[in-house]
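Subject: Structure handover

Hello,

Here is the structure we spoke about handing over.

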Amino acid sequence: MKRHVFLFWISIVLQLTFSLSSALSQGLFGEEEISSAKGPTLERAVLCKELTGCIPKNKAVIFSISYGKVICLTEFDRVPEYTTVLHKWFRKDILVTSIKLALEPPRWSTFSSIELRSADKGPWRVDVVDETGKVLAALRFSVTD
């Protein structure tokens, strides 16, 4: 009887050891998630009329042509390595311009802007895209008189 109890406990210890090593190798305790998150982490993306330093002023989703321009500010909380992002500006779902912006570790803020003309009235969007082509944010706005 003692031998059966001993073998039972040995089998439990071996199963726990195997399960723990398997869980560690598969990243079930968070290690894999941290190491596989290779790209930058977008903290904030905002549209505004002007910037003071890296502080957006007059945030909006409707912009008058009289404002003269629209600015897209993006802030990245975690930038593991030097990389780039794109600000893709679309008017009526047609790509107008794509602006490549550099990011540097460990945190980085960057912006792009467009000058407004009377022909720019209508719906717009800015896609923030990482180097792999993943859309990190899509900001929609309108341009009016």
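The notes below cover the sheet, another set of strands, one arginine and the cysteines.

This is a predicted model, in which local features need pLDDT of at least 70, side-chain atom pairs count only at pLDDT 80 or more, and totals for chains, interfaces and linings use all residues. Residues are numbered from 1 along each chain as its sequence is written, and side-chain values use heavy atoms, with hydrogens and water left out.

Strands here are DSSP runs of E with at least two residues, numbered from the N terminus. Two strands pair if DSSP finds at least two bridges between them.

The sheet. Five strands make up an open sheet with mixed pairing, in the order β3-β9-β8-β5-β6. Its edge strands, each pairing on one side only, are β3 (62–64) and β6 (94–103). From one strand to the next the twist averages 25 degrees; the axes behind such angles are lines fitted to C-alpha atoms, and angles run from 0 to 180 degrees between N-to-C directions. Three bridges hold β3 and β9 (residues 135–144) in a parallel pairing, and Ile 62 has Ser 142 in β9 as its bridge partner.

Strand β4. This strand spans residues 69–78, and seven of its ten residues are buried. Buried means under 20% relative accessible area, exposed over 50%, and partly exposed in between (1.4 Å probe, protein chains only). β4 pairs antiparallel with β1 (residues 41–52) over seven bridges, where Val 46 is opposite Leu 73. β4 also runs antiparallel to β7 (residues 108–115), with eight bridges between them; there Lys 69 is opposite Glu 115.

Arg 125. This residue lies in strand β8 (residues 122–130). Arg 125 counts as buried because its relative accessibility is 14%. Its side chain makes a polar contact of 3.0 Å with that of Asp 127 (a pair of N or O atoms within 3.5 Å; within protein, one must be able to donate a hydrogen and the other to accept it, and residues adjacent in sequence count only if both atoms are side-chain atoms). Leaving aside residues up to four places away in sequence, Arg 125 touches several others, including Trp 89, Asp 93 and Phe 141, with contact meaning heavy atoms within 4.5 Å.

Cysteines. Taking a disulfide as a pair of cysteine sulfur atoms within 2.5 Å, the count is zero. For Cys 48, the nearest cysteine sulfur is that of Cys 72, 8.4 Å away. Cys 48 is buried, at 0% relative accessible area, whereas Cys 54 is partly exposed at 43% relative accessibility.

Regards

How values were computed
Helices (H or I, at least four residues) and strands (E, at least two) are DSSP runs, numbered from the N terminus.
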